[in-house]
Amino acid sequence: AAVAQPLECSSANIDLFTQADVDAFQSNFGNGGTCRVVTGNLRVLNNSSITNLDGLRGLTHVDGALSN
């Protein structure tokens, strides 16, 4: 049986500005699956509305920079 490869969800840079952006991450970038790899940069903006990162569950690797 073939081994499933991690889904690369975006080669673009992704900025998450609000809790709603974080919550919608998998629906916006998972292409119907679970986004596991962002090949660009991922930035979670320092915003008091962001109280948890549960929406990033399943993400295992960011090839670019991970910053706030």
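Biologist: What should I know about the model before reading local features?

Modeller: It is a predicted model, where local features need pLDDT of at least 70, side-chain atom pairs count only at pLDDT 80 or more, and totals for chains, interfaces and linings use all residues. Residues are numbered from 1 along each chain as its sequence is written, and side-chain values use heavy atoms, with hydrogens and water left out.

Biologist: What is the mean pLDDT, and where is confidence lowest and highest?

Modeller: pLDDT is the predictor's confidence in each residue, from 0 to 100. Where pLDDT is low, the predicted coordinates should not be read in detail. Here the protein's mean is 87, and 90% of its residues reach 70 or more. Strand β1 (residues 8-10) is lowest, with a mean of 76, while α1 is highest at 96.

Biologist: How many helices and strands are there, and in which pattern?

Modeller: Both are DSSP runs numbered from the N terminus: helices are H or I with at least four residues, strands are E with at least two. This protein has two helices and six strands. Along the sequence they run β-β-α-α-β-β-β-β.

Biologist: How do I read burial and surface?

Modeller: Buried means under 20% relative accessible area, exposed over 50%, and partly exposed in between (1.4 Å probe, protein chains only). Buried residues make up 28% of the 68 in the protein. Accessible areas come from the Shrake-Rupley method with a 1.4 Å probe; for residues, only the protein chains shown count as cover. The protein exposes about 4,300 Å², and carbon and sulfur atoms supply 48% of that.

Biologist: What do contacts say about sequence separation?

Modeller: Contact means heavy atoms within 4.5 Å. Take contacts between residues at least 6 apart in sequence: 70% join residues at least 24 apart.

Biologist: Which residues does glutamine 19 touch?

Modeller: Glutamine 19 is found in helix α1 (residues 19-23). Leaving out residues up to four places away in sequence, it touches Ser49, Ile50, Thr51 and Asn52. A polar atom of its side chain lies 2.6 Å from the backbone nitrogen of threonine 51.

Biologist: Is glutamine 19 buried or exposed?

Modeller: Glutamine 19 counts as buried because its relative accessibility is 12%.

Biologist: How many aromatic pairs does the structure hold?

Modeller: Rings of Phe, Tyr and Trp (its six-membered ring) pair if their centres lie within 6.5 Å; planes under 30 degrees apart count as stacked, over 60 as edge-to-face and the rest as tilted. The structure holds one aromatic pair. The rings of phenylalanine 25 and phenylalanine 29 have centres 5.5 Å apart and planes at 40°, so this pair is tilted. About one helical turn separates the two, because they sit four residues apart in helix α2 (residues 25-29). Phenylalanine 25 is buried at 0% relative accessible area, whereas phenylalanine 29 is partly exposed at 22%.

Biologist: How many salt bridges are found?

Modeller: A salt bridge is a side-chain nitrogen of Lys or Arg within 4 Å of a carboxyl oxygen of Asp or Glu. The whole structure has two. Aspartate 15 pairs with arginine 43, with closest N and O atoms 2.9 Å apart. Aspartate 15 is in strand β2 (residues 14-16) and arginine 43 in strand β4 (residues 42-44), so the pair ties together parts 28 residues apart in sequence. Aspartate 15 is partly exposed at 30%, and arginine 43 is partly exposed at 32%.

Biologist: Which residue forms a salt bridge with aspartate 54?

Modeller: Arginine 57, with closest N and O atoms 3.8 Å apart. Aspartate 54 is partly exposed at 43%, while arginine 57 is exposed at 59%.

Conventions:
A polar contact is a pair of N or O atoms within 3.5 Å; within protein, one must be able to donate a hydrogen and the other to accept it, and residues adjacent in sequence count only if both atoms are side-chain atoms.
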